[in-house]
Amino acid sequence: MNLHAVLAIYRFEMARTFRTLTQSIISPVISTSLYFVVFGAAIGSRIDQVEGVSYGAFIVPGLIMLSVITQSISNASFGIYFPKFVGSIYEHLSAPASFLEITSGYVLAAATKSLMIGLIILVTAFFFVDMGIQHPFWMLLFLVLTCLSFSLFGFIIGIWAENFEQLQLVPLLLVQPLIFLGGAFYSASMLPPFWQGVSLFNPVIYLVSGFRWSFYGLADVAIWWSLLAILAFTLACLVIVGWIFRSGWRLRG
Amino acid sequence: MAAIVSVEKLTKRYGRGVHALKEIDLAIEEGEILALLGPNGAGKTTLISCICGIASITSGRVLVGGHDNVAEYRAARAQIGLVPQEVNLEPFERVINTVRFSRGLFGKGRDEAYLERTLWQLSLWDKRDAQVRELSGGMKRRVLIAKALSHEPRILFLDEPTAGVDVGLRKEMWDTVADLKRHGVTIILTTHYIEEAEAMADRIGIISEGEIKLVREKAALMRELGRKLFVIELMEPARRVPEGLDEYDLSLSEDGRELTYTYDTTGDGTGITRLLNALSERGLRARDVRTEQSSLEDIFVDLVGKDAA
């Protein structure tokens, strides 16, 4: 095991995060704060409670998920795409490091960064709304698992992408709609029965539901389904990464 | 001497079509500078990519310090440093950090003293905190070398180290390479500049169309394939090559002032004395004489064909 390689990649990526502190951390916090103001204060003041929780507090878990998922994907995909773009990927390919070690370095760094953002948004939320966390351990577990699995997913996108447009394609066309339709701003129970059924095919609904449960004890689906969904997604990403590793797809000529 | 890198029947095909390398056999000796000379598209970079693990091997095998570069890729790759042809660097990172990154990636713990020595050696120490994008072209190339040396490799591959580099910088690069050799690093460089191979290499391999045409010690190669020219500058211009000298391979310059005699340096006698006597018997007097050695370029052109050079 080449732990030095994992650490070298991790440090290098974290250095990039801190070098670009404004884009990396401050801007997602500002944009999420805007959501609080618009949805929580402006719109929320006209909406009564959702299942006994004020609307402002209700959307906090969904907003954190929204940021954490998009950040994980963009951090990890950019992290591995950039060396491909500038050509410095030759070094990774010729290094005495396994693909798993290289993946770990990038995924851990991307997940760390989105975890930091998620926690900062959480702290920020306490300034806007009155809220509590019923199951802090589960909250942290869901948060960490989401960071890791979507960073893995982003890593795969970064390897797949052959230009900057493709790098944006999956997050914009697939992930963004799934998150917005994933119950970040509403409870699935507010939908007509047909759309409730459809939304069960959206994997994000399980994540948001589980995460919201850890805050308020409210869930659209059973907590175990949520846990199963995130673990299954992580496993699927790991299988794909393993296949990329064996085949050298998009990396090795 | 034992081979530090041994390439055995290495074949590389891209997809179904391009047959980039055809059963290459090559042994690289420890401590030498081997220049791989060949036209563009000959397979130089593909060969390096296969040895370093960037490209997969279709068949055959590569041993680095006795380790198979696929089955024991960690042991094999840890011994290799690679300087690519293109300046492939992250533009916004600081020099020292990119070098630290490379060292870690290749499995070595921190050693700031070693990195400092390496950066001094490459005249980069003053620039250690500069962002890569702020550096000149020559400095960027040296950063690539510093990265390749960061994990103390025994073998250094330089892929076209001076392609597109001005003359002053090229000389500087040659000095750097000579210095690395003095430190005991085995160096394999590819080039299509014959002058470069001639100036630096101990041995020269000529590669063309995916095959190694020959690998020979530079001096032996020059001796073996080298022809020498003996040029006689005449006092008075001649109209044609004097008669009765058919046994010599003579040619006359257009202005009639120079007679050129081409001979093989490996022969027992060169025939120069006899030729001079024969000329004076015919009343031709020499104003001056000089000899010229055929360059590696001529050998190269002979081997791979005029179009390629």
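Guide: Start with burial. A residue is buried if 20 or more other C-beta atoms lie within 10 Å of its own, exposed if 12 or fewer, and partly exposed in between, with C-beta atoms placed from the backbone. K9(B) is exposed, because it has 12 other C-beta atoms within 10 Å. This is a predicted model: local features need pLDDT of at least 70, side-chain atom pairs count only at pLDDT 80 or more, and totals for chains, interfaces and linings use all residues. Residues are numbered from 1 along each chain as its sequence is written, while chains are lettered from A and ligands numbered from 1 in the order in which they are written.

Visitor: Where is K9(B) found?

Guide: Helices (H or I, at least four residues) and strands (E, at least two) are DSSP runs, numbered from the N terminus. K9(B) sits in strand β1 (residues 3–14) of chain B. Look at its backbone too. K9(B) is not a glycine, although its phi is positive, about 45°.

Visitor: Where is E209(B) found, and what is its phi?

Guide: E209(B) lies in the loop between β9 (203–208) and β10 (211–217) of chain B. Its phi is positive, about 50°, and E209(B) is not a glycine. E209(B) is partly exposed, because 17 other C-beta atoms lie within 10 Å.

Visitor: Why is D268(B) exposed?

Guide: D268(B) is exposed because it has 5 other C-beta atoms within 10 Å. Find it in the loop between β13 (258–264) and α9 (272–281) of chain B. D268(B) and V62(B) are 206 residues apart in sequence and 42 Å apart in space, C-alpha to C-alpha.

Visitor: How is chain B divided into domains?

Guide: Domain bounds come from an automatic or database domain assignment. In chain B, domain 1 covers 3–223 and domain 2 covers 228–293. Their C-alpha centres lie 45 Å apart.

Visitor: How do I read a helix face?

Guide: An α-helix has 3.6 residues a turn, so residues three or four places apart point the same way. Take α6(B), residues 167–182.

Visitor: Which residues of α6(B) are buried?

Guide: M173(B), V177(B) and L180(B) are the buried residues of α6(B). Seen down the axis, they fall within an arc of 60°, so they line one face of the helix. The arc is that of the directions from the helix axis to the C-beta atoms. On the other side of α6(B), V167(B), G168(B), D175(B), D179(B) and R182(B) are exposed. Just after α6(B), G184(B) has a positive phi of about 90°.

Visitor: Which residues of α4(B) are buried?

Guide: In α4(B), residues 112–121, the buried residues are L115(B), T118(B) and L119(B). Their arc is only 95° around the axis, which puts them on the same side of α4(B). A113(B) and W120(B), on the other side, are exposed. The buried residues of α4(B) pack against α3 and α5 (137–149) of chain B.

Visitor: What does a contact mean, and how many residues of chain B are in contact with chain A?

Guide: Two residues are in contact if their C-beta atoms, placed from the backbone, lie within 7 Å. Here 29 residues of chain B are in contact with 23 residues of chain A. On the chain B side, α3(B) gives the most, with 5 residues.

Visitor: With which residues is Y90(A) in contact?

Guide: Leaving aside neighbours within four places in sequence, Y90(A) contacts I54(B), L82(B), P84(B) and N88(B). Y90(A) is found in helix α4 (residues 89–94) of chain A. It is buried, because 21 other C-beta atoms lie within 10 Å.

Visitor: Finally, how do I read a core?

Guide: In soluble globular proteins, nonpolar side chains tend to be buried together. A nonpolar core is a set of buried Ala, Val, Leu, Ile, Met, Phe, Trp, Tyr and Cys residues joined through C-beta atoms within 7 Å. The largest one has 70 residues, of which I9(A), M65(A), Y106(A) and V107(A) touch the most other members. α3(A) gives the most to this core, with 16 residues.
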